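Biologist: Please pick one part of this model and take me through it closely. How is it put together, and what lies against it?

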Amino acid sequence: MRNTTKLKILLQKYTVSLNTDDDAVFKLRLTDKDRGTMQDFEGASYSIVLAKAYSYLLKVLKNPIEYE
């Protein structure tokens with residue numbers, strides 16, 4: 001699946017914030033639009049943090065009670 005497709009799916013449920021620090025580490029923060037909960041991900045590239053965030057979304061959708 002392409003990164004743009006993953007991002008489009010994530011944006012349906014979350015507000016996404018993407019930053020880098022001085023060491024070029026990518027940081028992605030998901031903020032749930034309904035609950036306001038936040039989840040952070042770090043990685044060496046945009047693709048890595050997006051894959052982690054998408055994987056997290058799939059886990060939440062599979063078992064939403066565990067992540068409330």
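Modeller: Strands here are DSSP runs of E with at least two residues, helices are runs of H or I with at least four, and both are numbered from the N terminus. Two strands pair if DSSP finds at least two bridges between them. The model is predicted, so local features need pLDDT of at least 70 and side-chain atom pairs 80 or more, while totals for chains, interfaces and linings use all residues. Numbering starts from 1 along each chain as its sequence is written, and side-chain values use heavy atoms, without hydrogens or water.

I take the sheet. It is open and has 3 strands, in the order β1-β2-β3, with antiparallel pairing. The edges are β1 (14–20) and β3 (38–43). Each has a single partner strand, so one side of each lacks a neighbour in the sheet. Neighbouring strands are turned by 15° against each other on average, direction ignored; axes are lines fitted to C-alpha atoms (for helices, over the stretch in contact), with angles from 0 to 180 degrees between N-to-C directions.

Start with β1 and β2. They run antiparallel, and 7 bridges join them. S17 stands opposite R29 in β2. L18 faces L28 in β2. The two strands form a hairpin with 5 residues between them. In that turn, A24 has a positive phi of about 65°.

Now β2 and β3. Strand β2 covers residues 26–32 and is joined to β3 by 6 bridges, again antiparallel. T31 stands opposite M38 in β3. F26 has G43 in β3 as its bridge partner. This hairpin has 5 residues between the strands, and G36 takes a positive phi near 85°.

What packs on the sheet? Helix α1 (residues 3–13) does, touching β1 and β2, where contact means heavy atoms within 4.5 Å. The direction of α1 makes about 125° with that of β1. Helix α2 (residues 46–62) packs on the sheet as well. It touches β1, β2 and β3, and its direction makes about 145° with that of β3.

V49, L50, A53, Y54, Y56, L57 and V60 are buried, meaning under 20% relative accessible area with a 1.4 Å probe, protein chains only. Seen down the axis of α2, these buried residues fall within an arc of 155°, so they line one face of the helix. That arc is taken over the directions from the helix axis to the C-beta atoms. The buried residues pack against α1, β1, β2 and β3.

Y14 sits in strand β1 and Y56 in helix α2, 42 residues apart, so the pair links distant parts of the chain. Rings pair if their centres lie within 6.5 Å; planes under 30 degrees apart are stacked, over 60 edge-to-face, the rest tilted. For Y14 and Y56, the centres are 6.4 Å apart and the planes stand at 45°, so the pair is tilted. Both residues are buried. Y14, F41 and Y56 form one aromatic cluster. The structure holds 2 aromatic pairs.

Key. Buried means under 20% relative accessible area, exposed over 50%, partly exposed in between (1.4 Å probe, protein chains only). Rings of Phe, Tyr and Trp (its six-membered ring) pair if their centres lie within 6.5 Å; planes under 30 degrees apart count as stacked, over 60 as edge-to-face and the rest as tilted.
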